[in-house]
Amino acid sequence: MRAIWSGDCKLENLKSEADATYRRLLCDVEERRAEAKRRSQEMKDIAADERVALLEEGRRAKQELKGLEAEASKVQSALQAGLLTLPMPPDPEVPEGSDDSQNVELRTWGEVPDFSFDAKDHVSLGADLGILDIPRGVKLAGSRNYLLLGDGARLEQAVLRFAVAHMTAKGFDLASVPILVNHACMEGTGYFPGGEEQTYAVPKDDLFLSGTSEVPLTAIHSGETLEESDLPVRRIALSPCFRREAGTYGKEAHGLYRVHQFWKVEQMVIGPNDEDWSIEEQGKMLAHAEEFVQALEIPYRVVDVCTGDLGQGQVRKFDIEAWMPSRGSWGETHSASRFHDFQARRLNLRYKPSGGGKPRFCHTLNNTVAATPRLLIPLLELGQQSNGDVVLPEALESFMGKVLLENPAKG
RNA sequence: GGAGAGGUGCCGGAGUGGCCGAACGGGCCGGUUUUGAAAACCGGUGACCUUCACGGGUCCGUGGGUUCGAAUCCCACCCUCUCCGCCA
């Protein structure tokens, strides 16, 4: 099944014309540089009057070299630009499909509720409880913005702190990272080129508001060569996330499902270049998230994301979709991605094998732990009572201080 | 934001046009000595790309430029430190 990675399908087969041209040019350039070096070595033990001819030759060679170098760098940047758009071949086990409708459900957990009363959606629940104010959020920052107030804001914090505690217990190290990052981070993690329209940019400082802490988290060791004994690196970050959601007008415009700014606890792992290890790790990371959702007593399903719904660099992806009563369906809350060495190559993120030998590219993986306010949707909607109260899962009590959100308007 | 100083190998730190991939010191590795260790002494010790190999190339913050030749000269940028201002 993994023959695609085992060497049959080496870069050899993907080598483009540009690559061959570049190599030829580089070879030529290096030869001429060697010549030039030799010439200037000779120069110093030659009498001044004998230098003239050599100087002239040097000048001419320099012009030629310059031309060649310019050509080489032109070809190289064209090549690199092309390389950046190359997608990662999916794992052969990924189901074929053109879009998310063809994702394959692997399993479900929990009971989908059947309300015996007229159930409300999270927007009216939140408004009635006085913990959610969308109109004023829109007033402050436009559509897809919101305000969480009082217990709403507290609930969000509780979910996030629970997520951090959950992952700390799994041995992940909490990091506080820059979420305003440079172009190299965006490109290195695979968001650029391609994701520019979805990203808030700060042109004055040439920085970008990343849509997930996966970006800084994965880029932490970019350009470095780690020791194999330092691997795997397992970290989480709690950060705000920003997404422009361009081109989604009208799509999920209602409520807290798709918003421009949200909070997320993200898990990220950097490991050795070992696909079996990587596959196993992805399973673990998925399990961490499932346990978390289970603790929140939210029914969910796990989906094996099909080829057509896979991101450029993703080799395999499993989504967790929570049951959201107001949608009458599942909504994505978690996304566990495996990248093989896709991101590591772009980030130049390597490690020195402990057995010796050349540095190798790491493998990287990431998964959501908790994203809010999206997670507040099932939490509020599933916990609602006929009188408009909302009962929260026990697991949040120590973080929230209570589990009952009382409807002030009830009789 | 204003003024100044600086960015060199694992670390400290020399080096102001060819003899510099880079002195010297520390560290690290190996050896001698020692019952063992420490100390002392001797030797070794950068990374990456390319090549079966020989070899070749790149790298002294980054990117340009000058020159036959740049760690060294020029320009721009980035970063760090000190002082002042401001600030969560």
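Is K170 buried, partly exposed or exposed? Select K170 and look: at 32% relative accessibility, K170 counts as partly exposed. Here, buried means under 20% relative accessible area, exposed means over 50%, and partly exposed lies in between (1.4 Å probe, protein chains only).

**Before you go on**

This is a predicted model, in which local features need pLDDT of at least 70, side-chain atom pairs count only at pLDDT 80 or more, and totals for chains, interfaces and linings use all residues. Residues are numbered from 1 along each chain as its sequence is written, chains are lettered from A and ligands numbered from 1 in the order in which they are written, and side-chain values use heavy atoms, with hydrogens and water left out.

**Stop 1**

A salt bridge is a side-chain nitrogen of Lys or Arg within 4 Å of a carboxyl oxygen of Asp or Glu. Side chains of opposite charge can pair when their charged atoms come close. E291 is partly exposed, at 34% relative accessibility.

Now trace the chain between the two. K170 sits in the loop between α6 (151-168) and β4 (173-175), and E291 in helix α9 (residues 275-295). They are 121 residues apart, so the pair links distant parts of the chain. Helices (H or I, at least four residues) and strands (E, at least two) are DSSP runs, numbered from the N terminus.

**Stop 2: R338 and E275**

Stay with helix α9 and select E275. Its salt-bridge partner is R338, with the closest N and O atoms 3.2 Å apart. R338 belongs to strand β13 (residues 329-338) and E275 to helix α9, 63 residues apart. Both R338 and E275 are buried.

**Stop 3: helix α3**

Select R59 and E56. Their closest N and O atoms are 3.8 Å apart, in another salt bridge. Both lie in helix α3 (residues 48-84), three residues apart, about one turn of the helix. R59 is partly exposed at 49%, and E56 is partly exposed at 42%.

How many salt bridges are there in the whole structure? A search finds 24.

**Stop 4: RNA strand B**

Zoom in on K37 next. An N or O atom in its side chain is 3.1 Å from a phosphate oxygen of RNA strand B. At S40, look at the backbone: a polar backbone atom is 3.0 Å from a base nitrogen of RNA strand B.

Colour the nearby surface by class.

**Stop 5: backbone details**

Select F192 and P193. The peptide bond from F192 to P193 is cis, with omega near -10 degrees. P193 is in the loop between α7 (183-188) and β6 (200-202).

Finish at E245, in the loop between β9 (233-242) and β10 (261-271). E245 is not a glycine, yet has a positive phi of about 55 degrees. At 11% relative accessibility, E245 counts as buried.

Notes
A polar contact is a pair of N or O atoms within 3.5 Å; within protein, one must be able to donate a hydrogen and the other to accept it, and residues adjacent in sequence count only if both atoms are side-chain atoms.
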